Amino acid sequence: FDIEAKNVLIEGCDVSVDAVRWGDYFQAGAYEVLLPKAKGISILRRSIDAPEIVETARRMLEAAGYNGVCGLDFRRDSDGNYYFLECNPRFSGGLCSQLASGFDMPWILWQLSHGIQPDEVHFKAGVRTQYIKGTVDYLKRRHRQGKLTAGDVLRCIFSGAVKFD
């Protein structure tokens with residue numbers, strides 16, 4: 001990996017990859033953040049098919065010799081370039097998004113830790129999940145700042161989310 005630290009703001013969309021790596025086993029799912037974060041947790045997420053960034057996550061975890069669950073956060077700019085932001089060696093706040101998309105990370109980790117080979121994962125892209133408390137906090141914050149618009153409320157109420165956490 002060619003790593004150069006830069007102190008710049010990268011406009012774009014947050015993309016997270018949640019992964020389970022255990023020896024030779026690797027499985028991951030990706031989602032993009034559709035509405036801003038509230039206290040570090042994204043409000044509205046959509047699972048995506050992103051094999052290139054999933055492969056990057058696999059290579060990073062393999063290079064580090066990491067075993068377990070992990071959430072890796074990236075920023076995707078308007079040209080489709082990804083920039084690594086951080087790595088959290090734990091279940092991420094997007095766990096419900098992964099579960100709703102068919103990627104049961106806790107069950108897979110339990111199976112692997114007990115010497116059981118997990119079944120094939122059938123990850124579904126396009127599943128939207130919404131964090132209700134985060135949505136309420138976001139709307140309250142926008143109201144306090146005097147920036148709440150009808151568009152904010154409509155995006156939250158008619159988010160297209162099919163699962164809630």
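Two residues are in contact when heavy atoms lie within 4.5 Å. Among contacts in the chain between residues at least 6 apart in sequence, 59% join residues at least 24 apart.

The structure is a predicted model, in which local features need pLDDT of at least 70 and side-chain atom pairs count only at pLDDT 80 or more, while totals for chains, interfaces and linings use all residues. Residues are numbered from 1 along each chain as its sequence is written, and side-chain values use heavy atoms, with hydrogens and water left out.

**Overall architecture**

The chain contains 5 helices and 7 strands; helices (H or I, at least four residues) and strands (E, at least two) are DSSP runs numbered from the N terminus. Read from the N terminus, the order of elements is β-β-β-α-β-β-α-α-β-α-α-β. The chain has 165 residues, and 41% of them count as buried, where buried means under 20% relative accessible area, exposed over 50%, and partly exposed in between (1.4 Å probe, protein chains only). Its accessible surface comes to about 9,500 Å², with 53% belonging to carbon and sulfur atoms; these areas come from the Shrake-Rupley method with a 1.4 Å probe, and for residues only the protein chains shown count as cover.

**Helices α4 and α5**

Two packed helices are described by the angle between their axes and the distance between the axes. For helix α4 (residues 132-144) and helix α5 (residues 150-157), the axes come within 11 Å and cross at roughly 175 degrees. The crossing therefore makes α4 roughly antiparallel to α5, a term for angles over 145 degrees. The axes are lines fitted to C-alpha atoms, for helices over the stretch in contact, and angles run from 0 to 180 degrees between N-to-C directions. On the α4 side, the contact is made by Thr135, Tyr138, Leu139 and Arg142, and on the α5 side by Asp152, Val153, Arg155 and Cys156. By class, the residues of this contact comprise 4 nonpolar, 1 polar and 3 charged.

Gly134 also belongs to helix α4. With a relative accessibility of 0%, Gly134 counts as buried. Its C-alpha lies 5.4 Å from that of Ile43, although Gly134 and Ile43 are 91 residues apart in sequence.

**Helix α3**

Helix α3 (residues 105-113) has Met105, Ile108, Leu109, Gln111 and Leu112 as its buried residues. Seen down the axis of α3, these buried residues fall within an arc of 160 degrees, so they line one face of the helix; the arc is that of the directions from the helix axis to the C-beta atoms. An α-helix has 3.6 residues a turn, so residues three or four places apart point the same way. After α3 comes Gly115, whose phi is positive, near 75 degrees.

**Selected residues**

The table gives C-alpha separations for two further pairs.

| Pair | Separation in sequence | C-alpha to C-alpha distance |
|---|---|---|
| Leu34 and Arg46 | 12 residues | 7.0 Å |
| Thr56 and Tyr82 | 26 residues | 9.9 Å |

Leu34 lies in strand β2 (residues 25-38) and is partly exposed, with a relative accessible area of 28%. Neighbours within four places in sequence aside, Leu34 is in contact with Leu44, Arg45, Arg46 and Arg128. Thr56, in helix α1 (residues 51-64), is partly exposed at a relative accessible area of 22%. Asn88 is found in strand β5 (residues 82-88) and counts as buried at 17% relative accessibility. When residues up to four places away in sequence are not counted, Asn88 touches Cys70, Gly71 and Asp73.

Notes:
Angles under 35 degrees count as roughly parallel, over 145 as roughly antiparallel, 65 to 115 as roughly perpendicular and the rest as oblique. Ala, Val, Leu, Ile, Met, Phe, Trp, Tyr, Cys and Pro count as nonpolar, Asp, Glu, Lys and Arg as charged, and the others, Gly among them, as polar.
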